Amino acid sequence: MNFVLNGKARVAVSDLTVADLLRELELATERLVVEHNARILRADDYADACIGDGDKVEIVRFVAGG
Amino acid sequence: MDKLIIAGHTFSSRLFVGTGKYPTLVVMKESLEASGTEMVTVALRRVNLDEPGESLLSHIDLEKYFLLPNTAGCHTAEEAVRTARLARAAGLSNWVKLEVIPDDGSLLPDPVETVRAADMLVKDGFVVLPYTTDDHTVARRLVEAGCAAVMPFGSAIGTGQGLPHPERLQRLIDVVHGYVPVVVDAGIGAPSDAALAMELGADAVLINTAIAQAGDPVSMAVAMALGVRAGRLAYLAGRIPRSASASPSSPDSGSLL
């Protein structure tokens, strides 16, 4: 299963949820924001949001800036 | 110093500070502390999945500082709206520093896209603080769109050129006065620039590069806070006019000469 994560192609063995992905990436979820196919997810949505073939996922956070 | 209210939020400090370009996050944290600021800007970017690095927020006490996410990097109104919505989803506030800057190296705002984005964001329930030009008509449009403040540049971001056109800023301040606060944002280089902005009647200033890239950022943060305070007190005190004719400070009569 191929999807795009933060602009880069990624492969997953099978369908996974956003919650699975965040666990796999070992990312603390505090103040992260996830967008799945242009839809902004709430933390409650992560366990139900299934990433499928061709999907686009963006994981963003606050960084230093003016 | 008298308090400043923006969109119902009260600030005791009229100096807002950016979190970018510091030599280290520790220096950033110390500089914010030294500045006495109560609101800091941040940007929104993809997590670097290969090297996540330190989290900025682990160095910013959210009990102490109000976070103002910016839409830096956005070239169109649509990009700015998408970025603002992502920032809002982090759950801190619905405030956004709106920046819509073309990809031409000038770092000067696109006034047309900024007004368009402001309109969309206000209608979507955001509290919008737009980075804008020193054009008073653009400022008026932003006020009409429902922005909570207007944030004209002194000069382009990171140039440290101060306020080369104070009369333009003065005109903008006069037009906006009484409607929403004016925050001079970008181009401040030294505390004297910050003081001048406040003397002209600006309600606050936003400074990043001039503090972050100073020789000693922490000391410069202190200096900037003093400059802002001096300028605000001077504005409230009422300066003397510039006069073409001289008048002595010592009496004419009674001289022994």
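Modeller: In this predicted model, strand β7 of chain A, residues 56-64, pairs with β4(B) in the antiparallel sense, and the pairing runs over 5 bridges. Within that pairing you can look for Phe62(A), whose bridge partner in β4(B) is Leu44(B).

Stepping back to the whole contact between the chains, 24 residues of chain B are in contact with 18 residues of chain A. On the side of chain B that touches chain A, β4 (39-46) and α2 (77-88) of chain B each supply at least two residues, and β4(B) gives the most, with 6 residues. Sorted by class, that side of chain B has 15 nonpolar residues, along with 6 polar and 3 charged ones.

If you set aside the neighbours of Ile207(B) within four places in sequence, Ile207(B) is in contact with Leu15(B), Val17(B), Ile188(B), Ala194(B) and Met224(B).

For another setting, consider Asp103(B), which is found in the loop between β6 (95-98) and α3 (111-123) of chain B. Asp103(B) counts as exposed because 7 other C-beta atoms lie within 10 Å, and the cut-off for an exposed residue is 12 or fewer. Although Asp103(B) and Gly73(B) are 30 residues apart along the chain, their C-alpha atoms are separated by 8.5 Å.

Definitions and conventions: Residues numbered from 1 in each chain as written. Chains lettered and ligands numbered in written order. Predicted model: local features only at pLDDT ≥ 70, side-chain atom pairs only at ≥ 80, totals over all residues. Contact = placed C-beta atoms within 7 Å. Helix = DSSP H or I, 4+ residues; strand = E, 2+ residues; numbered from the N terminus. Nonpolar A, V, L, I, M, F, W, Y, C, P; charged D, E, K, R; others polar. Pairing = 2+ DSSP bridges. Buried ≥ 20, exposed ≤ 12 C-beta atoms within 10 Å, placed from the backbone.
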